[in-house]
Amino acid sequence: RHTTTNILATPLAAKCSGQFVPANPLTGTRASANCCTSDITLAEFKTLCGKMDASLNTATTPQEYLGGTASFRTDLYSTCATLVSHSESIELIKAKNRMFTPELKTYTPNAGMPSYDAIRHKVIEEYRMHGV
């Protein structure tokens with residue numbers, strides 16, 4: 001599932017490992033999509049817009065699927081937030097004198113992508129490079 005960028009509303013949606021599936025009330029199928037950062041390059045990722053983490057499982061179009069913000073949240077500030085790399089996020093957090101809680105989620109490499117161990121090593125090296 002992918003709900004934090006507008007990837008489904010861009011040509012990059014074709015690269016998603018799980019294409020958009022519309023909801024079908026007759027069969028009980030919920031709308032779904034599976035787009036991972038490992039599906040695209042960093043340069044492609046940085047062309048996307050960040051958005052509130054939300055989706056609409058009754059959607060019949062990718063655009064509808066990108067909606068679904070809970071009533072207790074707001075889209076007031078969801079106007080194409082700038083996406084940053086992990087290294088850039090370390091710089092921002094450090095510049096604001098904030099604390100770090102490193103987390104590396106499951107990584108599913110696609111063809112030509114680095115292994116999980118290579119990604120883990122890169123994350124550690126980025127923290128070291130920034131003196132964290």
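Buried means under 20% relative accessible area, exposed over 50% and partly exposed in between, with a 1.4 Å probe and protein chains only. The views below show a predicted model, in which local features need pLDDT of at least 70 and side-chain atom pairs count only at pLDDT 80 or more, while totals for chains, interfaces and linings use all residues. Residues are numbered from 1 along each chain as its sequence is written, and side-chain values use heavy atoms, with hydrogens and water left out.

**View A. The disulfide of Cys49 and Cys80 (a disulfide being a pair of cysteine sulfur atoms within 2.5 Å).** The sulfur atoms of Cys49 and Cys80 lie 1.8 Å apart, and the torsion about their S-S bond is about -70°, so this disulfide is left-handed. Cys49 lies in the loop between α1 and α2 (62-65) and Cys80 in the loop between α2 and α3, so the pair ties together parts that are 31 residues apart in sequence; helices here are DSSP runs (H or I, at least four residues), as are strands (E, at least two), numbered from the N terminus. Cys49 counts as buried because its relative accessibility is 17%, whereas Cys80, at 42%, counts as partly exposed.

View B. Cys16 lies in the segment before β1 (18-21) and Cys35 in the loop between β2 (32-34) and α1 (42-45), so the pair ties together parts that are 19 residues apart in sequence. Both Cys16 and Cys35 are buried.

**View C. The packing of helix α3 (residues 86-95) with helix α4 (residues 116-129).** The two helices pack at an angle of about 35° with their axes 10 Å apart, where axes are lines fitted to C-alpha atoms over the stretch in contact and angles run from 0 to 180 degrees between N-to-C directions. His86, Ser87 and Ile90 in α3 meet Val123, Glu126, Tyr127 and Met129 in α4, contact meaning heavy atoms within 4.5 Å.

**View D. The aromatic pair of Phe100 and Tyr127.** The ring centres of Phe100 and Tyr127 are 5.8 Å apart and the planes stand at 90°, so the pair is edge-to-face (centres within 6.5 Å; planes under 30 degrees apart are stacked, over 60 edge-to-face and the rest tilted).

Technical notes: Rings of Phe, Tyr and Trp (its six-membered ring) pair if their centres lie within 6.5 Å; planes under 30 degrees apart count as stacked, over 60 as edge-to-face and the rest as tilted.
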